[in-house]
Amino acid sequence: MLEPQLGMAPKDVVVWARYAEKAGFGYIFRSDHLIPTTRERGLDSPECWTTLGMMAANTRRVKFGPLVSPVGFRNPALLAKMACTVHSFSSGRLILGVGAGWFEDEYLAHGYEFPSFRIRRQQFEEALKIIRPLTEGKPVNFRGTYFSAKTDCYPKPRGKVRLIIGGRNRKVVATAAKYADECNIFSSPVDQILKLKELLNSRTSRKVAMSLMGYSILAENKRDLEKRMRHYTRLVRIAGGEQEVLNRIRAKGVICGDVENFVVEVNKRRDAGIQRFYFQVLDPRDSGMFDLLADTLKNSF
């Protein structure tokens with residue numbers, strides 16, 4: 001899971017997509033943000049869908065997509081058209097993640113209104129009434145308060161475009177139960193995962209997968225883990241002593257440990273209902289951790 005808004009060049013996104021494919025990962029996602037989500041400015045923040053086309057053209061096997069595209073950036077019928085186009089070009093490998101949007105600064109910086117969460121959730125629900133049928137190859141005829149569409153989508157997807165809805169808010173999870181093929185949540189403790197899984201199952205009789213996205217800290221041994229911990233906690237701006245920081249990030253649901261502990265923690269989340277894990281790349285320079293991650297996933301699961 002890439003965060004290109006934090007200073008990645010477009011070619012770096014392609015390099016990571018090729019790496020994911022070569023290393024044997026099943027998926028490579030990227031965020032859809034227009035400016036850095038930190039206070040930093042003046043960093044490269046390549047536009048999401050332009051780079052998804054580049055990823056499609058430079059890989060052959062790995063599945064890819066946005067995690068997630070806010071519906072406030074692009075008209076939902078156009079977004080569905082974009083998704084179906086890239087899906088067709090990539091032989092069905094695109095996965096479409098959508099969300100209601102949360103980062104006010106990028107909206108205002110680009111001339112978009114940033115309404116209250118209540119209105120953004122209503123907009124999201126309307127957008128899905130357009131996006132879902134079009135990405136299933138069906139026509140849509142819908143007129144709502146915020147969006148409308150009366151169209152088919154060509155090229156039609158082969159089958160359908162897999163749809164992910166991202167968010168931990170209970171109302172967003174309920175929306176995922178209604179429309180999505182997959183509900184994606186950010187790093188969470190096991191007890192919270194179980195509650196969200198129960199909510200998801202109570203709202204639908206369909207099979208809706210649950211996935212987890214977030215950063216992890218993995219090392220071969222305790223000494224290397226301590227070193228990597230110091231580095232990553234500076235990146236995410238968590239202060240305190242090593243054990244204090246470790247306790248705090250584990251309480252947030254971050255998977256952190258040497259290989260043996262990492263496997264145990266992943267399995268706890270699998271037992272709680274998580275079916276896919278999308279590991280966030282916070283430091284693109286730390287390719288060694290992702291080499292170790294690839295080896296661990298191959299050898300332990």
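Helices (H or I, at least four residues) and strands (E, at least two) are DSSP runs, numbered from the N terminus. This is a predicted model, in which local features need pLDDT of at least 70 and side-chain atom pairs count only at pLDDT 80 or more, while totals for chains, interfaces and linings use all residues. Residues are numbered from 1 along each chain as its sequence is written, and side-chain values use heavy atoms, with hydrogens and water left out.

Start by selecting Glu 3, Thr 37, Trp 102, Phe 186 and Gln 280: of the 44 residues lining the largest pocket, these lie nearest its centre. (A pocket is an open set of points on a 1 Å grid over the protein atoms alone, where a 1.4 Å probe fits, with protein on both sides within 12 Å along at least five of seven lines; lining residues have an atom within 4 Å of a point.) Next, colour helix H5 (117–134) and strand E8 (182–186), the elements giving two or more residues to this lining. Which one gives the most? That's E8, with three residues. The volume here is about 1600 Å³, counted as the space filled by probe spheres set on the points, with grid points joined across faces, edges and corners.

Now hop to the second largest pocket, about 500 Å³ in volume. Select Phe 25, Gly 26, Phe 277, Phe 279 and Leu 297, which lie nearest its centre among 24 lining residues. Then show helix H11 (287–300), one of the elements that supply at least two residues of the lining; the largest share, five residues, comes from H11.
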